[in-house]
Structure formats: structure tokens, C-alpha cells
Amino acid sequence: MRPQALSRTAASAAAGASWLLTPRAAWTRTPAATPSTSSSITSTSTTTRRAQPNLIQPTSRAYHAYTHPAPPPPFSPIETAILSAAYTHVPTHGFSRTSLALGARSAGYLDISTNLLPDGVFSLIKYHLLSQRELLSTTPLPPSPPLSSRVELLTFTRLLANAPVLPHLQSALAIMAQPSYIPTSLAELAVLADEILYLAGDVAVDPTWYTKRASLSAIYAASELFMTNDSSTGFRDTRAFLGRRLGEAEELGGAVRSVGEWVGFNAKAGVNVLRSWGAPI
Amino acid sequence: MAARTLLRRALPSMRSASSLRQSSPFSSSTLLQSRAASSSSSSPSSSSSAIPDYAIPDPSRPTHFGYETVTEAEKIERVAGVFTSVAESYDRMNDLMSFGWHRIWKDHFVASLNPGFSPLTSGPDPRAPQHILDIAGGTGDIGFRMLHTAHTLNGNPDVRVTISDINPAMLTVGKQRSTQLPASQQAALSFVEANAEDLTRTKPLSSTSTTATATDSHNTSSIPSNSIDLYTVAFGIRNFSNIPAALREAHRVLKPGGVFACLEFSKVDKHPLLNTLYKSWSFGAIPLIGQLVAGDRDSYQYLVESIERFPSQEAFRDMIVDAGFIVGGDGFEDLTGGVAAIHKGMKPRV
């Protein structure tokens with residue numbers, strides 16, 4: 001299975017049709033070199049997902065990998081055509097069957113063709129999440145400043161991408177919170193946090209890999225909720241909210257580290273005291 | 001997940017029921033897979049123009065009837081016998097066998113397809129009339145729900161439903177039931193007698209309504225290619241003698257962008273405990289209920305055996321893809337853990 005998957009990925013990457021993983025495909029790519037190749041949402045690949053009917057592959061992965069082939073694109077070319085056309089109707093009609101049907105129509109299909117999408121309206125929401133996440137890699141980042149401000153910039157850029165569909169974001173969140181969609185939604189949130197940290201140039205591989213991603217996920221979700229009620233110019237309030245939360249996370253991280261250091265030092269000292277008394281430790 | 005594997009280890013006897021299927025492989029699907037493996041490079045469009053042998057109906061080719069092996073012609077005859085025998089008690093039996101749950105499945109099936117949904121835009125009315133073909137829809141369960149969803153819920157009277165069945169006895173039951181519908185819905189409904197493997201020869205149900213086919217001396221007409229928006233078949237396709245041929249016929253009559261949707265019993269292998277319960281119910285109780293209520297044990301024995309012989313969700317999905325449809329996601333949706341499954345495919349635009 002692996003060689004086939006490898007060759008398929010290589011082929012699609014060569015055709016510029018890799019849906020998600022433009023930055024991940026290149027080995028030598030540095031995170032700072034952000035301007036990406038042209039966004040591949042409008043995929044022109046003619047390969048259909050079911051070219052090999054019995055080959056089921058994972059369609060997503062929760063982390064960046066240099067040594068594994070990228071998963072196949074999440075939507076087939078026809079699905080992408082319908083969804084991208086439907087997405088243009090979202091600001092007017094929301095994440096709804098109406099948008100889907102209008103999209104199918106403008107893509108040259110029938111109203112009934114929206115049945116191709118297995119999750120209906122949720123497919124449209126997923127399209128929004130995936131395409132906006134992919135567009136993040138085109139964010140121009142200042143080369144020098146510290147990691148935290150780059151993370152903040154990227155997170156805020158992603159939040160701003162919700163602005164055109166903001167009136168419908170609450171209904172989208174409600175759909176994402178439906179029990180059958182929660183796993184997909186949470187996985188997408190995790191991938192987004194990973195993407196932001198990757199693009200910001202975080203290369204830490206210690207246990208903070210997990211805590212950073214977990215806290216960023218929570219902060220992003222909170223900021224998104226805050227944003228649905230934000231009416232300030234240019235979402236100033238959301239940016240301030242985001243900055244405060246990130247600052248708190250940093251402080252909290254520092255506090256946890258200090259506590260951990262203190263506990264570790266005392267535990268070690270305690271063991272050494274016991275050893276000095278002749279305990280066989 | 002871990003609990004499930006433990007359970008599977010602890011209860012090996014559960015798997016005996018599912019191994020029945022493996023000992024008697026489904027003839028056309030194994031053939032299909034070997035074909036797919038040998039010619040995986042052929043695109044869907046080319047495969048629809050060059051029809052493989054197994055998708056051409058052949059009355060003398062062996063197929064299965066429950067656990068028996070019969071020829072395709074014989075299967076058509078015997079399935080006709082089964083459904084003529086059960087037509088009168090069909091709906092009552094469905095309720096008893098599935099505790100009324102089949103209504104939930106059918107409601108969900110129709111609601112998820114959402115026929116007749118067609119948003120208006122400014123300017124001229126963009127809505128095109130929809131034509132739904134309900135294959136093996138004899139008693140009208142799906143057809144009537146389609147009409148209700150389209151006309152009443154979606155307020156779109158431009159939706160016609162053609163109910164087709166190979167068995168006039170089942171159609172007669174459906175025709176009788178349709179007299180309960182509102183007149184506007186009755187007007188949008190038509191009944192034809194046809195073999196789903198060859199929709200070029202259809203016969204209107206009653207001999208009195210000759211007006212529709214007055215031009216044709218043999219009183220038969222054809223469902224033209226590229227004329228159907230939505231092709232549905234609910235709990236029918238496993239009785240077909242040649243499923244690949246029926247799928248290709250569906251592909252022919254559908255418009256580009258049209259949807260093939262199938263509701264059918266499927267495999268519960270993913271849930272061993274439920275599978276055990278389900279198998280003991282279907283093999284232990286259903287033929288007995290059939291004997292007591294409908295006075296016909298053999299027909300219901302055939303019913304449960306034909307469910308057992310029907311391919312798994314994945315194999316059937318691959319048959320749909322092989323017929324030239326494209327599917328989204330996994331290509332199927334399990335209902336009640338896989339007791340039934342909905343398969344959908346769309347005919348791509350050329």
C-alpha cells in the first residue's frame with residue numbers, strides 16, 4: 001500500500017493538485033519562507049478519488065510529517081467544483097442547503113446533485129475550514145519577531161477569514177457541535193493549531209508540543225466565539241481578547257514550568273537524602 | 001475499540017454467522033473485483049460505453065436465489081413468485097419484522113435525498129421539473145414519501161414520480177394505496193411495469209390507460225436516456241438477477257448530475273453483538289412470522305437468505321463505481337449499525 005500511496009502523492013504534488021499540504025510536501029522548506037505556490041483549492045486534477053476502489057486511505061492527519069506521504073485530497077474534483085461554487089453563496093444564504101443547491105447549479109449540475117456530498121451542509125462547513133486553513137500559508141510574516149507574536153498574527157489572520165461568513169458562523173458552530181460531527185470538528189481544530197504553530201516556525205519536540213497545541217486550540221475556539229459577538233472596527237476587540245488569552249497561556253506555562261522545576265528539585269533532593277541514609281534506591 | 005476486540009475474542013461463536021457468507025461467495029461481485037483489479041486504469045466513462053460481459057443479462061447464467069444457485073431467468077420467475085405471494089401482506093409483514101423501524105429508514109432515506117428542493121433566485125424561475133424513478137417501488141412506500149416531501153414540504157409541484165416494478169401484483173397494491181393521496185399528488189404519479197435491467201421496455205400498469213402509449217402498437221414504451229433526476233431503489237436491488245446490468249441501466253436513464261440512491265439491507269459485521277442478535281432474529285423469527293402471518297414460510301426464508309447473500313457495503317459501493325457513478329466520502333451510510341445502508345452515486349457530467 002505504501003509505495004502506491006507514495007507514487008500517487010508524488011504525482012498529485014507534481015500536478016500542483018495537493019489539496020492541503022503544499023508547505024508539507026517540500027523537505028527543505030523553511031517555515032519563514034511563507035509565500036506559497038498558488039492555492040490549489042481549484043484543483044484541476046483529473047484523478048478521481050475512487051480510481052482504486054478497494055484502497056481506503058486516511059483523509060486527514062493531525063500533525064505535519066516530513067517522512068510520510070501527504071494524505072489524499074479530502075474532496076474529489078467534482079465535489080470541489082460544487083463546494084467552491086456553493087461557498088460564494090454562503091455570505092448571502094449561510095451554510096445551508098440553499099447555498100449547496102445554488103452552487104451545484106452554477107457548477108453545471110442539478111439541484112439533486114448535492115446528494116453527492118455525504119454530509120450535506122457539514123461538507124460546506126468543512127470546505128470553509130479546510131480552504132481557510134490552507135490559505136493561512138500565504139500569510140506574509142515578518143521574518144524576525146518572536147514566536148508568540150507570529151502565532152498571534154497567524155491566529156488573528158485565520159479569525160479574520162471568518163469575517164465574510166460571520167453572520168452565519170454561529171449556525172456553523174452549532175452544526176459542528178452535533179454529535180456525529182464533533183470528532184471531525186475537533187480534529188480540524190487540532191490540525192489548525194498544528195498548522196499555525198508550524199507556520200510560525202515552532203520546532204520544539206519536547207512535551208510542550210502537546211501543551212502548546214492544546215492551549216492554542218482552546219484559545220482559538222474561545223476567540224472565535226468572542227468574535228461572533230464582536231462589532232468593533234476591524235475586530236479590534238477580538239484581537240485584544242486573543243492577545244490577552246495568549247499572554248495568560250504564556251504566564252500559565254511559565255508558572256507550570258516553575259512549579260515543575262520546584263517539585264522536581266525537591267523530589268530529587270528527597271531521594272538523595274534517602275540514599276544518604278542507606279535506602280536502596 | 002479495545003472493548004470491541006476483547007468482546008470479539010471472548011465470543012468467537014458470534015462470527016460463525018458471518019462466515020456463512022464467505023463460504024458462498026457472491027458470484028458477480030467476485031467477478032467484478034477481479035475485473036476491477038485487472039483494469040483499474042479504465043475511466044468510468046469508458047467503462048460505461050464498453051459493457052463488460054457480467055453486466056449483460058444472460059438468462060442462462062447462474063446466479064443465486066437465497067442460498068440456492070439458479071439461472072438468471074429462473075431467478076426472475078421465482079422472485080416474481082415470492083412477491084406475488086407476499087404482496088397483500090407486504091406492509092404488515094414489514095412492520096412486524098422490523099418492529100416498524102423500516103418506516104424510520106424510509107423517512108430518513110427520503111429526507112436525506114430531499115427531492116424537489118430547488119431554491120428560487122431573483123429573475124426568472126430557475127427551477128427545472130424533476131423526474132423521480134422509483135424502481136422496485138411496488139407498494140409506493142418510497143414514491144409517496146417522495147411526493148410528500150417534494151410537493152408539501154418543499155412546495156415544488158414540478159416533481160413527477162414514476163413507480164416501476166417488475167411485479168404487477170405489488171404495483172396493484174401500490175395503485176390501490178395511491179387513491180388515498182391528494183389529487184395533485186396522484187396526478188404526478190405513474191405506475192409502470194418494467195424489468196430494471198432493461199428499462200427500454202416498460203408497460204403502464206392498467207390496460208385502461210392506453211392514452212399514454214397509444215402510439216405504440218405493443219403498448220410498451222421506453223424510459224429515454226438522460227431523462228431522470230433521481231433513481232431510487234429501496235429494498236429491491238438484492239432481488240435483481242443481474243445487479244451490474246441494473247446499475248448500468250440506471251446510469252443510462254439518469255441525467256448527467258442525476259443521483260442514484262439505494263436503500264438496502266446490509267452487513268452488521270462491525271458490531272458483533274448486534275450482529276448476533278440480528279442474525280438470530282432474522283433466521284429464527286422472520287420465517288416463523290412469515291408462516292404465521294402471511295402463511296408463507298419459504299418466501300420469508302428466501303428474504304433472509306437473500307439479505308445474507310447481498311454484498312457488503314464496500315463491495316456494493318465498488319459495483320456502483322464500476323457502473324460509472326462517482327460517490328462522495330465512503331459512498332454509503334449505515335443505518336442502525338449496518339442492518340440497512342444507503343448508497344448514493346452521481347452520474348458525472350461528461
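In this predicted model, chain A is divided into two domains, with domain 1 spanning residues 76-117 and domain 2 spanning residues 119-281. The C-alpha centres of domain 1 and domain 2 of chain A lie 31 Å apart. The two domains do meet: twelve residues of domain 1 of chain A are in contact with 14 residues of domain 2 of chain A. On the domain 1 side of this meeting, helix H3 (77-87), helix H4 (90-93) and helix H5 (97-106) of chain A each supply at least two residues. Sorted by class, the side of domain 1 of chain A that touches domain 2 of chain A consists of eight nonpolar, three polar and one charged residues.

The secondary structure of chain A is simple to describe, with eleven helices and zero strands. Of the 281 residues in chain A, 33% are buried. Among contacts in chain A between residues at least 6 apart in sequence, 66% join residues at least 24 apart.

Eight strands of chain B form an open sheet with mixed pairing, in the order S6-S5-S4-S3-S7-S8-S10-S9. Strand S6 (198-204) and strand S9 (332-335) of chain B are the edge strands, each pairing on one side only. On average, and with direction ignored, neighbouring strands of this sheet are turned by 25 degrees against each other.

Strand S3 (residues 130-135) and strand S4 (residues 159-165) of chain B run parallel and are joined by six bridges; here B:Leu133 stands opposite B:Thr162 in S4(B). S5(B) and S6(B), by contrast, pair in the antiparallel sense over four bridges, and B:Ala194 stands opposite B:Thr202 in S6(B). A hairpin connects S5(B) to S6(B) through two residues.

Helices lie across this part of chain B as well. Helix H8 (residues 141-153) of chain B lies across S3, S4, strand S5 (189-195) and S7 of chain B, and runs at about 175 degrees to S4(B). Helix H9 (residues 168-178) of chain B lies across S4 and S5 of chain B, with an angle of about 175 degrees to S5(B).

The chains also touch one another: 29 residues of chain B are in contact with 24 residues of chain A. On the chain B side, strand S7 (228-234), strand S8 (254-265), helix H14 (313-322) and strand S10 (340-346) each supply at least two residues. The largest share of that side, five residues, comes from S8(B). By class, the side of chain B that touches chain A has 14 nonpolar, nine polar and six charged residues.

Leaving aside its neighbours within four places in sequence, A:Leu124 is in contact with A:Leu83, A:Ala86, A:Tyr87, A:Phe95, A:Ser99 and A:Leu100.

Key
Residues numbered from 1 in each chain as written. Chains lettered and ligands numbered in written order. Predicted model: local features only at pLDDT ≥ 70, side-chain atom pairs only at ≥ 80, totals over all residues. Contact = placed C-beta atoms within 7 Å. Nonpolar A, V, L, I, M, F, W, Y, C, P; charged D, E, K, R; others polar. Buried ≥ 20, exposed ≤ 12 C-beta atoms within 10 Å, placed from the backbone. Pairing = 2+ DSSP bridges. Axes fitted to C-alpha atoms, helices over the stretch in contact; angles between N-to-C directions. Domains from an automatic or database assignment.
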